[in-house]
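Visitor: I would like to learn how to read a structure like this one, feature by feature. Could we look at it together?

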Amino acid sequence: MEQSAVDTLLAWQSAARLNYTAEKLRKRGFDVEVCATREIARERLLTFAETAHTIGFGGSLSVACLNLTHTLRDTGKEILNHGFPNLTPEERDDIRRRQLSCDLFLSSVNAMTDEGVIVNVDGVGNRVAAMIYGPRQIVLVVGRNKLVKGDEADALKRIAETAAPVNAYRLGCKTPCAVTGRCASCAGVNEGSICRVTTIIHQRPLYSNVTILLVDEDLGL
Ligand code: SF4
């Protein structure tokens, strides 16, 4: 069998898996769209942005990979991104607070089970707070690499093995994982730990509008 035939089979499995999780998420109260490519996801986000004046970015690499900032700025949107360069700590803090009540909040998740449970580990907590309550519309962009087979424990394992150490390295944190690439379970014993807040979202929070774009490509960490 040619590799291209194998790739076709794997593509079928990937799409089938995303569609399965999409159905589970709908049963949990979320609006869900399956996007075959990141370009389609990008177009959908631009559509969501049309009626928004303030748009919050939670610091997600998945969203950053979609290169939205300049396009949105060119259409007059106010971008609330605490990761922009040359901000003072006070300005960053102010932006994080304003993200909590923005018109449109964009983020990804650290891990999601096949059954549609969303698991995140955060250092500051602004990202997880804003994806639960506050913004008028929340859109989570989730690449297929974020899906885990299993339960919340498996999702946490993914975060400890991949997302958190690489994020710690990216952010220049003084953590063991930022040196070795492996989690050393430093939360609670290391001042520099970025693993301070864990959230598990079982259903759409009651009064929040949350749309999840499942993308059939790897996106972010
Ligand atoms: S608990 Fe500590 S060592 Fe483990 S991933 Fe988080 S910051 Fe890194």
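**Reading the fold, feature by feature**

Guide: Among the contacts in the protein chain with a separation of 6 or more, 75% are accounted for by residues 24 or more positions apart, where two residues are in contact if their C-beta atoms, placed from the backbone, lie within 7 Å. This is a predicted model, in which local features need pLDDT of at least 70, side-chain atom pairs count only at pLDDT 80 or more, and totals for chains, interfaces and linings use all residues. Residues are numbered from 1 along each chain as its sequence is written.

Visitor: What radius of gyration would a compact globule with 221 residues have, and what does the protein chain have?

Guide: The radius of gyration is taken over C-alpha atoms, and the globule rule is 2.2 Å times the number of residues to the power 0.38. For 221 residues that gives a value near 17 Å, and the protein chain has 17 Å, which agrees. Along its principal axes the C-alpha trace spans about 55 × 45 × 35 Å.

Visitor: How many helices and strands does the protein chain have?

Guide: Helices (H or I, at least four residues) and strands (E, at least two) are DSSP runs, numbered from the N terminus. The protein chain has eight helices and ten strands.

Visitor: What span should helix α1 have, and how far apart are its end C-alpha atoms?

Guide: The expected span of a helix is 1.5 Å times one less than its number of residues. The 25 residues of α1 (residues 3-27) should therefore span 36 Å, and its end C-alpha atoms are 36 Å apart, which agrees. Just after α1, Gly 29 takes a positive phi of about 95°.

Visitor: Which residues of α1 are buried, and what covers them?

Guide: A residue is buried if 20 or more other C-beta atoms lie within 10 Å of its own, exposed if 12 or fewer, and partly exposed in between, with C-beta atoms placed from the backbone. In α1, Leu 18, Thr 21 and Leu 25 are buried, and their cover includes β1 (31-35), β8 (147-148) and β10 (210-215).

Visitor: What is the strand order of the open sheet of four strands?

Guide: Two strands pair if DSSP finds at least two bridges between them. The order here is β8-β5-β6-β9, with mixed pairing. Because β8 and β9 (197-201) stand at the edges with a single partner strand each, one side of each is left without a neighbour in the sheet. Strand β5 (residues 111-113) pairs with β8 in the parallel sense over two bridges, and Met 112 has Leu 147 in β8 as its bridge partner.

Visitor: Is Val 117 buried or exposed?

Guide: Val 117, in the loop between β5 and β6 (118-122), is buried, with 20 other C-beta atoms within 10 Å. Leaving aside neighbours within four places in sequence, Val 117 is in contact with Met 112, Glu 152, Ala 155, Ile 200 and His 202.

Visitor: Where is Asn 67 found, and what is its phi?

Guide: Most residues other than glycine have a negative phi. Asn 67, in the loop between α3 (61-64) and α4 (69-74), has a positive phi of about 50° although it is not a glycine; Asn 67 is exposed, with 10 other C-beta atoms within 10 Å. Asn 86, in the loop between β3 (78-81) and α5 (89-99), likewise has a positive phi, of about 65°, and is exposed, with 5 other C-beta atoms within 10 Å.
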